[in-house]
Amino acid sequence: MEKDSGGKLASLPPAKLNFSAKVTQIATGLQHTLLLTIHGEVYAFGSNNYGQLGLLDLNPRGIPTPVDLTPRGIFISKCICF
């Protein structure tokens with residue numbers, strides 16, 4: 001779900017991902033998903049109204065987008081933010 005210009009929630013349809021990296025963990029929130037690869041790379045996609053993707057902006061992402069982390073990730077967990 002993503003807020004449209006009228007302040008209402010608009011449904012985002014499911015989509016098939018074309019993602020070739022080997023994923024070791026997946027964590028989901030209500031409107032976003034994080035992926036951790038075997039190389040410690042973290043990718044985020046989904047709603048980003050509150051910066052929950054960790055990409056330093058508020059733009060939603062429809063495809064997995066790399067999150068700039070140093071050091072690399074070793075574990076991801078579901079986070080419920082208020």
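Author: Start with a cut-off: buried means under 20% relative accessible area, exposed means over 50%, and partly exposed lies in between. One more thing first: this is a predicted model.

Reader: What makes Tyr43 buried or exposed?

Author: Tyr43 has a relative accessible area of 15%. The limit for buried is under 20%. So Tyr43 is buried.

Reader: Why is Phe19 called partly exposed?

Author: Phe19 has a relative accessible area of 25%.

Reader: What makes Phe19 and Tyr43 a pair, and of which kind?

Author: Ring centres must lie within 6.5 Å, and planes over 60 degrees apart count as edge-to-face. By this rule the count is one aromatic pair. The ring centres of Phe19 and Tyr43 are 4.9 Å apart, and their planes stand at 80°, so the pair is edge-to-face. Phe19 sits in the loop between β2 and β3, while Tyr43 belongs to strand β5, so the pair ties together parts 24 residues apart in sequence.

Reader: Which elements make up the chain?

Author: The chain has zero helices and six strands. Along the sequence the pattern reads β-β-β-β-β-β. Buried residues make up 30% of the 82 residues.

Reader: Which strands form the open sheet, and in what order?

Author: Four strands form the open sheet, in the order β3-β4-β5-β6, with antiparallel pairing. β3 and β6 stand at the edges because each has a single partner strand, which leaves one side of each without a neighbour in the sheet. From one strand to the next, the twist averages 20°.

Reader: How do you know that β4 and β5 are paired?

Author: Pairing takes at least two bridges between two strands. Five bridges join β4 (residues 32-37) to β5 (residues 42-46), and these strands run antiparallel. So the two strands pair. Leu34 stands opposite Ala44 in β5.

Reader: What about His32: buried or exposed?

Author: His32 lies in strand β4. Its relative accessibility is 14%. Buried means under 20%, so His32 counts as buried. Leaving out residues up to four places away in sequence, His32 touches Ala27, Phe45, Gly46, Ser47, Gln52 and Leu53.

Reader: And why is Gly62 placed in its own class, buried or exposed?

Author: Gly62 is in strand β6 (residues 61-67). Its relative accessibility is 61%. Exposed means over 50%, so Gly62 counts as exposed. Gly62 still has contacts: beyond its neighbours within four places in sequence, Gly62 is in contact with Leu17 and Phe45. From C-alpha to C-alpha, Gly62 and Gly46 are 5.8 Å apart in space, though 16 residues apart in sequence.

Reader: What makes Arg61 and Asp57 a salt bridge?

Author: The test is a side-chain nitrogen of Lys or Arg within 4 Å of a carboxyl oxygen of Asp or Glu. For Arg61 and Asp57, the closest N and O atoms are 2.7 Å apart. So Arg61 forms a salt bridge with Asp57. A search of the whole structure finds one salt bridge. Asp57 has a relative accessible area of 22%, so Asp57 is partly exposed.

Key. Residues are numbered from 1 along each chain as its sequence is written. This is a predicted model: local features need pLDDT of at least 70, side-chain atom pairs count only at pLDDT 80 or more; totals for chains, interfaces and linings use all residues. Side-chain values use heavy atoms; hydrogens and water are left out. Buried means under 20% relative accessible area, exposed over 50%, partly exposed in between (1.4 Å probe, protein chains only). Contact means heavy atoms within 4.5 Å. Axes are lines fitted to C-alpha atoms, for helices over the stretch in contact, and angles run from 0 to 180 degrees between N-to-C directions. Rings of Phe, Tyr and Trp (its six-membered ring) pair if their centres lie within 6.5 Å; planes under 30 degrees apart count as stacked, over 60 as edge-to-face and the rest as tilted.
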